[in-house]
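Biologist: I have not seen this structure before. Please show it, and I will ask how some of its labels were reached.

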Amino acid sequence: MVDFDMPELAARLAFLCAGGRRAPRRELLQLHGSASAALAAGPHAWRAAGLSEDTCIRLRRGADPDVWLRTAEWLQRPGHRLIAWHDPDYPAALRTISGAPLMLFTAGDASLLQNPAVAVVGTRSASPGGRSLAKQFAHRFADAGLVVVSGLAAGIDGAAHEGALEAGGDTIAVLGSGPDLCYPAQHRDLHARIAARGLLVSEYPPGTQPLRDHFPARNRIIAGLAQGTLVVEAAARSGALITAQFAVDAGREVWAVPGSIHDPHARGCHRLIRDGALLVESPEDVLQALAPALTRAVQRPKATTDVARQPPVQPPKDWDPDHKNVWSALGHDPIPMDALADRTALTPARLSSILLTMELQGTITVKHGRYLRTPG
């Protein structure tokens, strides 16, 4: 779903593929308001922002034509987006982490990026008991209104996504490949279901292969999107421990499920607990820690009879026409963002910005990624 023109897409891909330090490129996008304007600013402005000479050369060269073509074709499909650092719907939670990605390729419901979330991660070689626990925890989290974030890997990650979907809740899979590729292949069906009912996220353009170095890097996004990270099973050396460290570095909570002292799958969790992670035995331990975020995520009326007596929330009189358009399109039953986009004819970026403003004002409520007017 392209909500910008082709020159802007070419400029975005040029900045993405130029490489080098992310902070100067983020600064240029923020300063100039668009990738095309930042590109047009020229080498003097690029160097002033801190880009190296090699990065400037690659930026002038632009993205590979094959990357541009694959991305342009991928973006034509429903639910596909490219969200850049300067876009209003870039996830707020990611803005605060070190090494925040410059851009995100998303397939599915991108509004989930703004919702309270918990990461559930662990070893690929999970035990049957570990997979069962991951599914149970994720099911409860999703049922409570939290988005479950994981990495689509075999083992604990896959079980966490399955648990969220089985609960009828929301889940985000952060990929170590382009958004159009599924790794591991055994999760092809799960990949498709998450694209249809949740959200796939990648910082890599379509067609990017799942290289070894991509997976530790993607773990910072998993941790950054969530209010906290739960490790269910992890060996002494596990990628889940990298995710936990990213969570600590971002000032987020880390929880670990203990296991037998004889179980190699528990050694990573025990190490985390020794280092200060919170020991948890049930989903309620995590939900209690996340109560403030959870309360905001699942605001509900006390009872139908009470709601009937209350006056409806009135929108501010100084709203612009777009805000009024969205308000008119909303009702008292939850509606997904794509339906709102059809009703309002607004771009996803503009619609996401308006919905976030309304949520902060308390005039609308978000329930499992769907929007409705807040009862009075």
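Biologist: Why does phenylalanine 105 count as buried?

Modeller: This is a predicted model, and the values are computed from it. Phenylalanine 105 has a relative accessibility of 0%, and buried means under 20%, so phenylalanine 105 counts as buried. Tryptophan 74 is buried too, at 3%.

Biologist: Why is the pair of tryptophan 74 and phenylalanine 105 called edge-to-face?

Modeller: The structure holds 5 aromatic pairs. In this one the ring centres are 6.1 Å apart, and the cut-off for a pair is 6.5 Å. The planes stand at 70°; over 60 counts as edge-to-face, so that is the label.

Biologist: What makes this pair a link between distant parts of the chain?

Modeller: Tryptophan 74 belongs to helix 6 and phenylalanine 105 to strand 2, 31 residues apart.

Biologist: Why is the pair of tryptophan 85 and tyrosine 90 edge-to-face?

Modeller: Their ring centres are 5.0 Å apart and their planes are at 65°. An angle over 60 is edge-to-face, so the pair gets that name. Tryptophan 85 and tyrosine 90 are buried.

Biologist: How do you know that the charged end of arginine 26 sits over the ring of tryptophan 85?

Modeller: The charged end of arginine 26 is 5.1 Å from the ring centre, and the distance limit is 6 Å, with a further limit on the angle to the ring normal.

Biologist: Is serine 177 buried or exposed?

Modeller: Serine 177 has 2% relative accessibility; under 20% is buried, so serine 177 is buried. Its side chain reaches the backbone oxygen of leucine 181 at 3.2 Å.

Conventions: Residues numbered from 1 in each chain as written. Predicted model: local features only at pLDDT ≥ 70, side-chain atom pairs only at ≥ 80, totals over all residues. Heavy atoms only, no water. Phe/Tyr/Trp six-rings, centres within 6.5 Å; stacked < 30°, edge-to-face > 60°. Helix = DSSP H or I, 4+ residues; strand = E, 2+ residues; numbered from the N terminus. Buried < 20%, exposed > 50% of the residue type's maximum accessible area, 1.4 Å probe, protein only. Lys NZ or Arg CZ within 6 Å of the ring centre and 35° of its normal. Polar contact = N/O pair within 3.5 Å; in protein donor to acceptor, adjacent residues only side chain to side chain.
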